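Trainee: I'm new to this structure and would like a close look at a single part of it. Could you walk me through it?

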Amino acid sequence: MTDPALDAQQTAEAVAAIRAQTDLQPDLALVLGSGLGALADDIEDAVVMSTADVPHYPASTVEGHAGRLVFGTLEGRPVMVIQGRVHAYEGHPLRSVGFPVRLAHALGVQGIVLTNAAGGINPAFGPGTLMLITDHINLSFLNPLVGAVGEGEVRFPDMSDPYDETWRLQARNIAITQKIPYREGVYVWTSGPSYETPAEIRFFARAGADAVGMSTVPEALQAAALGLPVLGISTITNPAAGLQDTPLDHADVLEVGRNVRDRLATWVRGIVAETRL
Ligand code: HPA
């Protein structure tokens with residue numbers, strides 16, 4: 001059971017450890033998904049911390065997630081880059097999956113950009129597609145908000161606009177202006193770690209999902225409870241199960257093509273440079 005006082009104390013200790021390294025006040029947090037870490041190397045005046053040095057930060061166990069926090073500026077705007085996503089399938093208590101979001105909130109960010117690698121369900125969304133997340137379906141039925149209400153959180157968060165519409169409109173305009181091809185769609189969260197079966201993917205398609213993955217939704221739920229606006233972008237790395245002949249492999253997910261990585265980086269830079277919340 002969550003102990004809100006302990007929870008707040010742990011966040012405060014993590015904030016203090018970060019404040020001992022940098023007094024940068026991040027405006028936005030960027031969560032980089034599997035294989036999308038390159039953007040962290042573009043941060044200027046970077047202060048890099050291992051998440052292992054941040055008290056109470058859950059240990060990162062997945063290849064492709066560096067377990068780092070990078071503080072600095074991107075396009076002249078102060079940001080924190082989170083390369084230390086926590087997944088439900090790693091076996092952490094579910095509440096821990098929201099820890100990086102609570103930390104970003106406590107550090108004063110105005111919004112959080114969640115990126116992920118996802119399987120394409122919509123047949124038009126092949127590998128290399130960038131998908132602006134319009135909405136999600138929580139098919140894991142897990143929820144990091146179960147338990148006592150955390151500090152600054154609401155008990156029953158409204159989820160009618162989980163991926164901030166105003167922010168999405170701005171992101172869309174940037175993609176159009178910069179001629180970055182993109183799609184929009186619904187992301188379905190499964191807990192993983194096993195990939196889906198072809199029957200599950202057919203079911204998700206009928207339910208209205210365009211892409212499937214094992215992250216992002218718990219973070220969006222945590223952000224909603226704190227009133228923090230979220231923007232979500234999926235990189236489609238593979239056709240979902242049953243939509244191609246070969247088995248799914250994490251190595252393929254990590255091998256996001258250079259081209260799409262560059263497009264995502266350009267888009268995120270534009271979002272950081274030009275969007276205001
Ligand atoms: N399923 C679930 N998660 C994923 C996939 C997938 O096909 N690709 C990348 N992350």
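Predicted model: local features only at pLDDT ≥ 70, side-chain atom pairs only at ≥ 80, totals over all residues.

Trainee: Which side chain does the side chain of glutamine 222 join in a polar contact?

Mentor: The partner is arginine 102: a polar contact of 2.8 Å joins its side chain to that of glutamine 222. To place glutamine 222, look for helix H6, which runs over residues 217–226. Glutamine 222 counts as buried because its relative accessibility is 0%, and buried means under 20%. Now look at what surrounds it. Setting aside neighbours within four places in sequence, glutamine 222 is in contact with Arg95, Gly98, Val101, Arg102, Leu145 and Glu153.

From here we can turn to helix H1. Helix H2 (94–97) and helix H3 (99–106) are among the elements that cover the buried residues of H1, and strand S2 (44–50) and strand S3 (68–74) are included too. Those buried residues of H1 are Asp7, Ala8, Thr11, Ala14, Val15, Ala17 and Ile18. An α-helix has 3.6 residues a turn, so residues three or four places apart point the same way. H1 itself covers residues 4–19, and its 16 residues reach 22 Å from first C-alpha to last, close to the 22 Å expected at 1.5 Å a residue. At the start of H1, a side-chain oxygen of aspartate 3 comes to within 3.0 Å of the backbone nitrogen of alanine 5.

Key: Residues numbered from 1 in each chain as written. Heavy atoms only, no water. Helix = DSSP H or I, 4+ residues; strand = E, 2+ residues; numbered from the N terminus. Expected span 1.5 Å × (residues − 1). Buried < 20%, exposed > 50% of the residue type's maximum accessible area, 1.4 Å probe, protein only. Contact = heavy atoms within 4.5 Å. Polar contact = N/O pair within 3.5 Å; in protein donor to acceptor, adjacent residues only side chain to side chain.
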